[in-house]
Amino acid sequence: MLKYLISLLLFASACAPENIETVEWGESPWPEIRKERISTLLPQAMDAAGVDLWLVVCRENNNDPIADHIGGENAGGTAAFLFYKDESGFHSRVYSPVGEATALGELDIHDEVIPVERGLSAIDEAVMFIRGNEFNTIAVNSSDNNAQADGLSYTQRVELEEKLGPELSEKLISSEELIYEWLSVKLDKEVEIMTRAAELTAEWEIEAYDMIIPRETTDAEVAAFLKNKMEQYGVKDAWNPSQNPNVNSGPDRGHSHATEKVIMPGDVIQTDFGIKLYDRWVSDIQRFAYVLKEGESQAPDDIQFYWESAKAGNRAAFNAMAPGVKGVEVDAAQRELMEKNNSEYVMWSTGHPVGYVAHDTGPNLGGSQSPSIRPAAQKVLKPGMVFAFDGFHSWALSDSTYKTISVEEMVVITEDGARFLVEPQEELILVD
C-alpha cells in the first residue's frame with residue numbers, strides 16, 4: 001500500500017505542469033562545433049573521399065539537406081558554397097546574395113564570403129572561379145544512395161553542367177562518400193554532449209520503472225512519465241514524438257507507440273527511448289524490466305536465461321568493435337551468440353550510428369543474416385563514430401507471437417576499441 005501511494009504521488013507530481021521547473025541549457029555550442037568540424041574534419045573527409053572541390057548550392061524554402069552543417073540554413077537567393085584544397089591548404093569560399101552576405105560573414109566559419117549583387121548569379125561566379133583553377137574532382141550533392149548527399153535539384157544540376165561545359169562536367173562526382181566520411185565522425189565535444197543525453201535517458205528509464213504499479217499502470221502512463229521528464233529538462237524527442245518513448249510490456253510491436261496495455265505480473269517490459277539536446281544531438285538506449293509474480297523474488301529461470309543471452313550478444317558485439325572492423329563483422333559476432341542460445345530470428349540489424357538523428361550517417365552493424373549485404377554494412381568503423389547497438393534474444397509466446405529482449409547501449413569508437421557512453425545495464429530491473 002505504501003509503494004502504491006508513493007508511486008501515485010510521484011506520477012502525479014511528474015505529470016503536473018505547474019510543478020515543472022524547466023532546466024535551462026544555455027546557448028547551443030553548435031556554432032563553434034560546426035566551425036571546428038568544417039576546419040578539421042572536412043579536410044580529412046575530402047582526402048578520404050578523393051575530392052578536390054565540393055560545391056554546395058543553397059536556396060530558400062527547398063534547401064540542401066546539408067545546408068545547416070555549412071552555414072547555409074538562412075539562404076534566401078541562391079548561394080554557392082565552395083570547399084577546396086590546393087597547394088596552400090584547405091579553403092572555403094562562398095558566393096552569397098548581397099542581402100545575406102553580411103550575416104553569413106559574421107558567422108566567421110568561412111575564409112571568404114563574396115557578396116553577389118542583385119541581378120547576378122552566384123553559380124556564374126562559382127563557375128568562373130572553378131574555371132580559373134585546376135580541380136581534378138568536383139563533388140556535388142547528387143546521389144541515389146544517400147539522401148543527405150542529394151540536395152542538388154535536377155534543374156540546378158542541368159544549369160550547372162551547362163555553365164561548366166562538357167570538359168568540366170566530366171569531373172563532377174557525387175558527394176555521397178565525402179558527406180559520409182564527414183558526418184559519420186564526431187568531435188570529442190559532441191561525444192560529451194551525447195554522453196550527457198545518454199545518461200539522462202538511462203536514468204529516466206529506471207525512474208520510470210520505479211513508478212509502475214502492477215495491474216494498475218499502463219505502458220502509455222510510463223511513456224507519459226518520460227515525456228514529462230523531457231518537458232521538465234527542456235529536451236526534445238530523438239525521433240518521431242508519436243513513437244518516443246516506445247514502452248511495451250506485451251508481444252513485440254517493432255517501432256511503435258506505447259499503448260493502454262496494463263502492466264501485469266510476469267511481463268517483460270521494454271522501453272526504447274531517446275532525447276535530443278540543444279536541438280541537435282540525440283541518444284538511443286533501451287532498458288528492460290521484469291514484473292515479479294506473487295511469491296517471486298527474482299525472474300524465473302527462462303526469463304533470466306533470455307536476459308543473459310541478450311546481454312551476452314550485446315557484449316560480443318561490443319568486443320568486436322574496433323577501428324578497421326566492418327559493420328557486418330560486428331553483426332556476425334552478435335548473431336553467433338543468438339544461434340548458440342537458440343534465439344528466434346530477429347530481422348533488425350545489431351546496431352546503427354547515432355548523432356544528429358537516431359539513425360545517423362555511418363556504418364550499418366548488420367547484414368550477416370541476409371542473402372546480400374548492403375554497402376553501409378561493408379563500411380569500417382573509425383574513431384569518433386558513435387553507435388547504438390543491441391544484443392538480441394527472441395522467444396515464442398504461447399499465442400504464437402514473439403517477445404524480444406534487445407539490450408541496447410551506446411558506444412563511441414576509440415583508437416583501442418569501443419567505450420560505453422554510460423554504464424550498461426547488467427541486471428534485469430525487477431518491478432514488484
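Y345 is exposed in this predicted model, with a relative accessible area of 60%. Exposed means over 50% relative accessible area, buried means under 20%, and partly exposed lies in between (1.4 Å probe, protein chains only). Y345 sits in the loop between α11 (327–340) and β13 (351–353). Helices (H or I, at least four residues) and strands (E, at least two) are DSSP runs, numbered from the N terminus. Together with M347 and W348, Y345 makes a nonpolar surface patch of about 380 Å². Patch residues have over 30% relative accessible area and no salt bridge; like charges are joined within 9 Å, and nonpolar side chains (Val, Leu, Ile, Met, Phe, Trp, Tyr) within 5 Å. A salt bridge is a side-chain nitrogen of Lys or Arg within 4 Å of a carboxyl oxygen of Asp or Glu. Accessible areas come from the Shrake-Rupley method with a 1.4 Å probe, and for residues only the protein chains shown count as cover.

Residues are numbered from 1 along each chain as its sequence is written. The model is predicted: local features need pLDDT of at least 70, side-chain atom pairs count only at pLDDT 80 or more, and totals for chains, interfaces and linings use all residues, while side-chain values use heavy atoms, with hydrogens and water left out.

N319 is also exposed, with a relative accessible area of 62%. N319 belongs to helix α10 (residues 301–320). The C-alpha atoms of N319 and A333 are 8.7 Å apart in space, and the two residues are 14 apart in sequence.

Six strands form an open sheet with mixed pairing, in the order β4-β3-β2-β1-β5-β6. Strands β4 (112–116) and β6 (172–174) are the edges, and each pairs on one side only. Neighbouring strands of this sheet are turned by 25° against each other on average, direction ignored. Two strands pair if DSSP finds at least two bridges between them.

Within this sheet, β1 and β2 run antiparallel and are joined by six bridges. L53 has Y84 of β2 as its bridge partner, and C58 has A79 of β2. Y84 is in turn bridged to H91 in β3. Seven bridges link β2 to β3 (residues 89–97), again in the antiparallel sense. A hairpin of two residues connects β2 to β3. Strand β2 (residues 79–86) has six of its eight residues buried, so the rest of the structure largely encloses it.

Helices accompany the sheet. Helix α6 (residues 154–169) lies across β1, β5 and β6, at about 130° to β6. Axes are lines fitted to C-alpha atoms, for helices over the stretch in contact, and angles run from 0 to 180 degrees between N-to-C directions. Contact means heavy atoms within 4.5 Å. Helix α7 (residues 176–183) is largely enclosed by the rest of the structure, because six of its eight residues are buried. Those residues are L178, I179, Y180, E181, W182 and L183. Their cover includes α2 (30–49), β1 (53–58), α3 (67–70) and β5 (138–140).

A further open sheet has three strands in the order β7-β10-β11, with antiparallel pairing. Strands β7 (236–237) and β11 (281–282) stand at the edges with a single partner strand each, so one side of each lacks a neighbour in the sheet. Two bridges join β7 to β10 (residues 275–277). K236 has K276 of β10 as its bridge partner. Helix α8 (residues 188–210) lies across β10 and β11, at about 145° to β10.
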